[in-house]
Every structure is written in C-alpha cells, then in structure tokens.
Amino acid sequence: MKNIVLILTIVISSLTASAQCGIENTAFKSGEYLSYDLYFNWKFVWVKVGTASMSTVKSRYGGKPAWRSSLTTRSSSKLDNIFTLRDTLLSYCSEELAPLYFRKGAREGDRYYVDEIWYSYPKTNCHLKQHRIENSGEHVWKESEYQDCVYDMMSIFLKARNFDASKLKVGENIPMPISDAKRLSNSWLKYQGKETFEIEDTKQKFRCLVFSFIERENGKNHELIRFYVTDDTNHIPVRLDMFLSFGSAKAFLKGYKGVRNPMTSKLN
C-alpha cells in the first residue's frame with residue numbers, strides 16, 4: 001500500500017508540474033497553417049529572400065494526446081549567395097501546452113547544428129535533457145533542472161498566443177525563460193501597445209498587439225524580435241522584425257487557413 005501511495009504521489013506531482021507549465025488553449029486548432037514571406041535589408045533596400053511556414057496538428061507523444069507544431073524557413077537563391085538559411089523546428093506539447101520535446105535542425109551560413117530537448121516534470125520541477133550536435137559532428141549532452149517552467153522557442157510561441165492581452169499595460173514585462181541545448185536565456189516579452197498594420201503585398205490591414213522579445217546578455221538588454229499579432233483570440237503573427245547579428249530581417253504573413261476563431265482584427 002505504501003508503494004502504491006508513493007507511486008500515486010509521484011505521478012500526481014508530475015502532472016501538477018506539467019499543468020503549471022501549461023495554459024488553456026483558445027488560440028488555435030488542429031490543422032492551422034500559416035505562411036510567410038521573408039525579407040532582408042540589403043544595402044538599404046528590402047529584398048524578398050525566402051519563405052517560412054508553420055503548421056499545428058493534434059498528434060500523440062509518449063502514447064498521450066499532444067500538439068505537434070513545425071516551422072520551416074527556406075532562403076531563396078538571392079540570399080543563398082550571402083547567407084544560407086535552412087531551419088526546421090519541431091515541437092511536441094501536452095494538450096495544456098506544457099513542452100514535451102523540441103528539435104531544431106539549422107543550416108545558417110556554412111554552419112549546421114541540431115538542438116534537442118526532452119522535458120519531464122519530477123517533484124514539480126522542470127527537467128531538461130539536452131542534446132547538441134555541433135557543426136563539427138561532436139555530440140554534447142547536458143541535463144538541467146529548474147523550479148520554474150522553462151520553454152523552447154516553439155513551445156513559448158504557442159503559450160504566448162494564449163495570453164490575455166486585455167490585462168496587459170504598455171511597458172509591462174512578461175518573463176520568458178527559454179533554453180536551447182546549451183543554455184538558459186534571461187529573456188522576456190515587453191508589451192508595446194496596439195498598432196494598425198497593413199501588409200504591403202496583399203493590402204490586408206489588421207489591428208495588432210505589439211510585443212518585443214528581449215534577452216539580457218553580458219549585462220545588456222538586446223531586442224531580438226518585435227512582432228505584431230492579431231488583436232483577436234487567434235493572436236496570429238502578421239509581422240516580425242528580426243534584429244540579427246548579420247543584419248535586419250522581416251517576415252510578413254502571406255496566407256492562413258484552418259484558424260480557430262473569426263479574424264475580427266482584419267479591417268478589410
């Protein structure tokens with residue numbers, strides 16, 4: 001009987017920790033597909049250099065229902081002459097959007113690497129098993145455990161889409177601890193307020209909520225991405241401004257299908 005009680009206690013603690021890292025999903029449903037055009041600032045001119053797409057479906061992970069989300073970015077031949085970009089990201093999350101597994105395979109310039117993270121929730125903590133395949137082919141393994149919830153760049157995106165922005169004040173910061181296979185970043189979202197944005201190519205106009213993703217490194221704050229999401233319950237990103245080490249890039253929503261809720265933020 002004691003053993004059964006102990007096992008139940010461990011299982012309940014694990015489920016509780018997982019639930020604490022999750023959030024109720026009201027923003028998307030299975031079958032959502034988003035596509036983007038990518039632009040790069042080349043000699044003061046914005047040039048279309050590639051595409052990106054993201055899909056989310058109901059799946060299973062470890063024998064349990066889960067969300068499977070994937071993101072791919074592909075540079076065109078124009079950018080390949082300067083900087084090759086071939087990223088494929090995969091994420092599994094629980095139905096409550098607690099992260100379970102993450103993988104990123106990235107070719108960035110002449111460098112290729114793979115990141116993997118497996119999540120578990122022992123004793124209400126968040127445990128990460130991390131694996132990096134370096135460009136040299138070296139395999140690096142690491143394990144980390146935190147009292148607070150930790151995310152990767154895919155799972156945090158799904159969670160952030162479900163925030164209730166009506167309760168946010170301009171300038172408010174939301175902690176966003178994100179890890180890759182090497183380190184945990186001291187990062188957060190800063191709410192910048194509301195703007196109306198028109199996509200130039202399609203002339204589609206949306207009411208948007210604006211956020212900055214900021215990371216603190218070497219004693220300084222760095223804005224990595226500024227993104228505009230629809231001011232409705234879908235919270236679909238329609239524009240992303242990316243401040244990269246090799247220049248500036250932008251992504252604009254090209255198309256969407258399978259969205260969960262009416263696009264009430266669309267103005268035309």
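Cys126 is buried, with a relative accessible area of 1% (buried means under 20% relative accessible area, exposed over 50%, partly exposed in between, using a 1.4 Å probe and protein chains only). This is a predicted model, in which local features need pLDDT of at least 70 and side-chain atom pairs count only at pLDDT 80 or more, while totals for chains, interfaces and linings use all residues. Residues are numbered from 1 along each chain as its sequence is written, and side-chain values use heavy atoms, with hydrogens and water left out.

**Cysteines**

- One disulfide turns up in a search of the whole structure (a pair of cysteine sulfur atoms within 2.5 Å).
- That bond joins Cys21 to Cys149, with an S to S distance of 2.2 Å.
- The two partners are 128 residues apart: Cys21 lies in the loop between helix H1 (2-20) and strand E1 (32-42), and Cys149 in the loop between strand E8 (139-146) and H3. Helices (H or I, at least four residues) and strands (E, at least two) are DSSP runs, numbered from the N terminus.
- Because the torsion about the S-S bond of Cys21 and Cys149 is about -90°, the disulfide is left-handed.
- Both Cys21 and Cys149 are buried.

- Leu158 sits in helix H3 (residues 155-160) and is buried, with a relative accessible area of 1%.
- Beyond its neighbours within four places in sequence, Leu158 is in contact (heavy atoms within 4.5 Å) with Phe28, Met54, Thr56, Ser69, Cys93 and Leu97.
- Asp115 belongs to strand E6 and counts as buried at 3% relative accessibility.
- The side chains of Asp115 and Arg132 are joined by a polar contact of 2.3 Å. Such a contact is a pair of N or O atoms within 3.5 Å; within protein, one must be able to donate a hydrogen and the other to accept it, and residues adjacent in sequence count only if both atoms are side-chain atoms.

**Positive phi in loops**

- Most residues other than glycine have a negative phi.
- Thr124, in the loop between strand E6 (111-120) and strand E7 (126-133), has a positive phi of about 65° and is partly exposed at 36%.
- Lys203, in the loop between strand E11 (184-198) and strand E12 (205-217), has a positive phi near 65° and is partly exposed at 46%.
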